[in-house]
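Subject: Structure handover

Hi,

Here is the structure I promised to pass on. Have a look at it first, and then read my notes below.

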Amino acid sequence: MFPLRDENPSGRPPIVTRGLIVLNCALFVYELMLGPQLRGFILEFGLVPARVTNALEVGDVPWTQTFFPFLTSMFLHGGWMHLIGNMWYLWIFGDNVEDRLGHLGFLVFYLAAGVFAAAAHYMLGPGSRLPTVGASGAIAGVLGAYALAYPGARVITLVPLFPFWQVMALPAVLVLGLWFVLQFFQGALALSFARTGGVAWWAHIGGFVFGLVAMAVLGRGRPGRRSRAWGS
């Protein structure tokens, strides 16, 4: 299933969501301009778990150099499809979560979700020497928060019904719940076969769980404008 849009636009302009999309796109353009220097840039600002583990064991590396990639890696991407896919999900679901948490609250939530997701990825593969980049973990947090805050919202989704694709309006809790189940099984398979490359499945899982918990705490008693309108 692939979500196309939700039927529940938020009540206020999603300033932070738009800003994050612009920032991610601008940094990706900068990556393209680096040419041969891109590899070194990714190694420096992407998250390399083995480097963090070595820094913690040796203890002579500044903490800023050790932990800064947990933050910077979420603003880098490995290709056009990686960027477009992430920004598409952020555009669909970010506005309503921002509406619920407020602009500043959403920004803090987004950054915290990305750091937590990166930490989950690190803990499940501390010896990996492959750099990890992408906003997927932070956006997974947005998906978890959206699923809890707007479970009954309808999401226009492209569903594969062999031999055709069908456009259907499905409950958000179903679409995002299936997305999480898929991430979990993929992550379990990756652990079973000791695979450390490819998609950072456990970053997705960690981010989604963080989003659920954070929305349960921060979103309690803070309905968005659209929800208040429905209630009245």
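How many bridges join strand S2 (residues 154-161) to S3? Eight bridges do, and the two strands run antiparallel. Before going on, a word on the source: this is a predicted model, in which local features need pLDDT of at least 70 and side-chain atom pairs count only at pLDDT 80 or more, while totals for chains, interfaces and linings use all residues. Residues are numbered from 1 along each chain as its sequence is written, and side-chain values use heavy atoms, with hydrogens and water left out.

The sheet

Helices (H or I, at least four residues) and strands (E, at least two) are DSSP runs, numbered from the N terminus. Two strands count as paired if DSSP finds at least two bridges between them. Three strands make an open sheet, ordered S1-S2-S3, with antiparallel pairing. Strand S1 (2-6) and strand S3 (164-171) are the edge strands, each pairing on one side only. From one strand to the next, the twist averages 25°. Helix H5 packs on the sheet and touches S1 and S2, its direction making about 40° with that of S1; axes are lines fitted to C-alpha atoms, for helices over the stretch in contact, and angles run from 0 to 180 degrees between N-to-C directions. Within S3, Pro171 is the bridge partner of Arg154.

Asn96 lies in helix H5. Asn96 counts as buried because its relative accessibility is 0% (buried means under 20% relative accessible area, exposed over 50%, partly exposed in between, with a 1.4 Å probe and protein chains only). The Asn96 side chain makes a polar contact with the side chain of Asp6, at 2.7 Å. A polar contact is a pair of N or O atoms within 3.5 Å; within protein, one must be able to donate a hydrogen and the other to accept it, and residues adjacent in sequence count only if both atoms are side-chain atoms.

Leaving aside neighbours within four places in sequence, Phe106 is in contact (heavy atoms within 4.5 Å) with residues including Val16, Leu20, Leu90, Val97 and Val142.

Happy to talk it through.

Best wishes
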